[in-house]
Amino acid sequence: MYNPYALIILAGQALIMLFELRSLLQSSGVSYYHPLSQTVAKLTEPVMRFMPFRQKNVRGFFYAGMIVALIISLLFWLGFALWFGSSELIGFVPVLGMLMTVKTFGYLLIVLLLVQALTSWLPSTRGISMLCGQLTYPIVSPIQRIIPPIGMIDISLMVVLLVLYALNALFLRLFGAMWLYF
């Protein structure tokens, strides 16, 4: 079934994902002069400029981008509820905002893991694979300690992807009807 508002929701998720990517880029220590870092920084700087805590971190994780992503998600759902005049949806705005932020972060991780896995097979895309590896290292490294690479094959990416898909299915069961908005 075609959802006419899917494009609006997709645009909102893309904006949220941009700020989550900024948070990951800052936290992972990717070179600021990398073209992706420069692009994300220039796109997000007009909003991040007003955040007094944008350079603050907790154990090396720069959280300002995630907070902005959550705020954008909350404003998105509040605007969506007001646009349709749905008073019952307004009560779910905090839950929908949090779910959208978490789910979008999961999508970002899945994309980064898939890009890392696919680009690792091609020698000409080694730089992209290394960048994705830096971004996903905090998530993949605990799995790599448990399941070390087998020769040249590292199955930790597959394990993390399976865990993300399992969490997605769990959220679908827990939040059922609200999940259809995503």
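Analyst: Helices are taken here as DSSP runs of H or I with at least four residues, numbered from the N terminus. The model is a predicted one, and in it α5 (93–119), α6 (126–146) and α7 (156–179) each supply at least two residues of the lining of the largest pocket. That pocket holds about 700 Å³ of space, and of the 25 residues that line it, Q116, A117, S120, D154 and L157 are the closest to its centre. Among the contributors to the lining, α6 gives the most, with eight residues. Sorted by class, the lining consists of 16 nonpolar, seven polar and two charged residues.

Two of these lining helices also pack against each other: α5 and α6 meet at an angle of about 130°, with their axes 9 Å apart. Since angles over 145 degrees would count as roughly antiparallel and 65 to 115 as roughly perpendicular, α5 is therefore oblique to α6, and the crossing of α5 and α6 is left-handed. On the α5 side the contact involves L109, L112, L113, V115, Q116 and T119, which meet I128, S129, C132, G133, L135, T136, I139 and V140 of α6. The residues of this contact divide into nine nonpolar, five polar and no charged.

From α3, the residues M66, A69, L70, S73, L74, F76, W77, L78 and A81 take part, and from α5 the residues V93, P94, L96, G97, M98, M100, T101 and F105. By class, the residues of the contact of α3 with α5 are 14 nonpolar, three polar and no charged.

Conventions:
Residues are numbered from 1 along each chain as its sequence is written. This is a predicted model: local features need pLDDT of at least 70, side-chain atom pairs count only at pLDDT 80 or more; totals for chains, interfaces and linings use all residues. Side-chain values use heavy atoms; hydrogens and water are left out. On a 1 Å grid over the protein atoms alone, a cavity is a set of points where a 1.4 Å probe fits but cannot get out, and a pocket is an open set with protein on both sides within 12 Å along at least five of seven lines; lining residues have an atom within 4 Å of a point. Grid points are joined across faces, edges and corners, and a volume is the space filled by probe spheres set on the points. Ala, Val, Leu, Ile, Met, Phe, Trp, Tyr, Cys and Pro count as nonpolar, Asp, Glu, Lys and Arg as charged, and the others, Gly among them, as polar. Axes are lines fitted to C-alpha atoms, for helices over the stretch in contact, and angles run from 0 to 180 degrees between N-to-C directions. Angles under 35 degrees count as roughly parallel, over 145 as roughly antiparallel, 65 to 115 as roughly perpendicular and the rest as oblique. A crossing is left-handed if the near helix is turned anticlockwise from the far one by less than a right angle, and right-handed if clockwise. Contact means heavy atoms within 4.5 Å.
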